[in-house]
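Please examine the sequence and the structure before reading on.

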Amino acid sequence: MKKLMTLAIAFIISVGAFAQNNEVWSSLKKDANFFLANDLGRNGYYDQKPIAELMGIMAEEIGPECIIAAGDVHHFDGVQSVDDPLWMTNYELIYSHPELMIDWLPVLGNHEYRGNTQAVMDYSNISRRWNMPARYYTKVYEEDGTTVRFVMVDTTPLMSKYRNESQKYPDASKQDNTKQLAWVDSVLTSAKEDWVIVVGHHPIYAETPKDSSERKDMQNTLGKVLAKHKNVAMYLCGHIHNFQHICAEGSSIDYIVNSSASLSRKVNPIKGTQFCSPETGFSVIAADEKELCVHMIDKNGNVLHSVKKMK
């Protein structure tokens, strides 16, 4: 009985804290709103389930058009098929709030590349909300006169680290990087929307103990393409399991690392760091014709940092 009372009190306190945040959450809304989450798949463990619940509660206030899933929805070896039980334990049973039954726009992460990458795309034929037409693709939203284009990129094959480990990442070396980068260049050249946001799993700039060859390869491939286009407002990614906002010298692009929605890691500032945090969480993207914002949200629903871009 005592344990039940303790749990009940904790629940009441939690609900009360969320209620106090409702006004703050509502103030984040603009014409077009989206959620960004990545590095999710822990079968509900660590902070995954609480953050999933928080996403649902915040969605009631913000009303996102879709959820951008920036890779590693499945740890550790991806999925083997569309019938893999991990679809239930990592995704369907975790993100079960009614307000999360909206379109999810995923990209592949390095952990998906350990398994059957085609199954990740084919799951679009199984789940109404899973929308992944290809390894890389683009999607435009128009809400109340505001247009936002997401350019979804497949980053794992862009790095020699993964291409050279063919046993661990069997599909990485099979991808045509020249074709993908030419496609990105073409899409960005013709993009006329109010805001253009590029999304990939791996960072172009970030502080991390991970192999430096990852960032160098990203800078020499996708980074060079993005640098040609002044209409790119932000590059959003995950992979590092913490929040980072970096402004690289000579670039007008805001480079944003979104934290893990399950298990995070420590982080330190580097040259160009505007903000960093080791907290778990997700981000809210909000746009109108004049302003684009990304709000970094921790597991308690607090706004840790906001990245704002003005026209």
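Q: Which residues does Glu193 touch, not counting residues up to four places away in sequence?
A: The model is a predicted one. In it, Glu193 lies in the loop between helix H6 (177–190) and strand S6 (195–199). Leaving aside residues up to four places away in sequence, the residues that Glu193 touches are Val140, Thr147, Val148 and Arg149.

Q: With which side chain does the side chain of Glu193 make a polar contact?
A: Arg149 is one of the residues that Glu193 touches. The two side chains make a polar contact at 2.8 Å, so the partner of Glu193 is within the 3.5 Å cut-off. The side chain asked for is that of Arg149.

Q: Is Glu193 buried or exposed?
A: The relative accessible area of Glu193 is 18%. A residue counts as buried under 20%. Glu193 is therefore buried.

Q: Which backbone oxygen does the side chain of Gln48 reach?
A: Gln48 has its place in helix H2 (residues 48–62) and is buried, with a relative accessible area of 0%. Among the residues that Gln48 touches are Leu40, Asn90, Tyr95 and Ser262. At 3.1 Å, its side chain reaches the backbone oxygen of Leu40.

Q: Is Cys247 buried or partly exposed?
A: Partly exposed residues have a relative accessible area between the 20% limit for buried and the 50% limit for exposed. Cys247 has a value of 30%, and Cys276, at 23%, also counts as partly exposed. Cys247 is therefore partly exposed.

Q: Which residue in S10 is the bridge partner of Phe243?
A: Strand S8 (residues 243–247) is mostly covered, with four of its five residues buried. Four bridges join S8 to strand S10 (residues 273–277), and the two run antiparallel. In S10, the bridge partner of Phe243 is Ser277.

Q: Which residue takes a positive phi in the hairpin of S8 and S9?
A: S8 is also joined by four bridges to strand S9 (residues 254–257), again running antiparallel. One of the pairs has Ile246 with Tyr255 of S9 as its bridge partner. The hairpin has six residues between the strands, and the residue with a positive phi near 85° is Gly250.

Notes:
Residues numbered from 1 in each chain as written. Predicted model: local features only at pLDDT ≥ 70, side-chain atom pairs only at ≥ 80, totals over all residues. Heavy atoms only, no water. Buried < 20%, exposed > 50% of the residue type's maximum accessible area, 1.4 Å probe, protein only. Polar contact = N/O pair within 3.5 Å; in protein donor to acceptor, adjacent residues only side chain to side chain. Contact = heavy atoms within 4.5 Å. Pairing = 2+ DSSP bridges.
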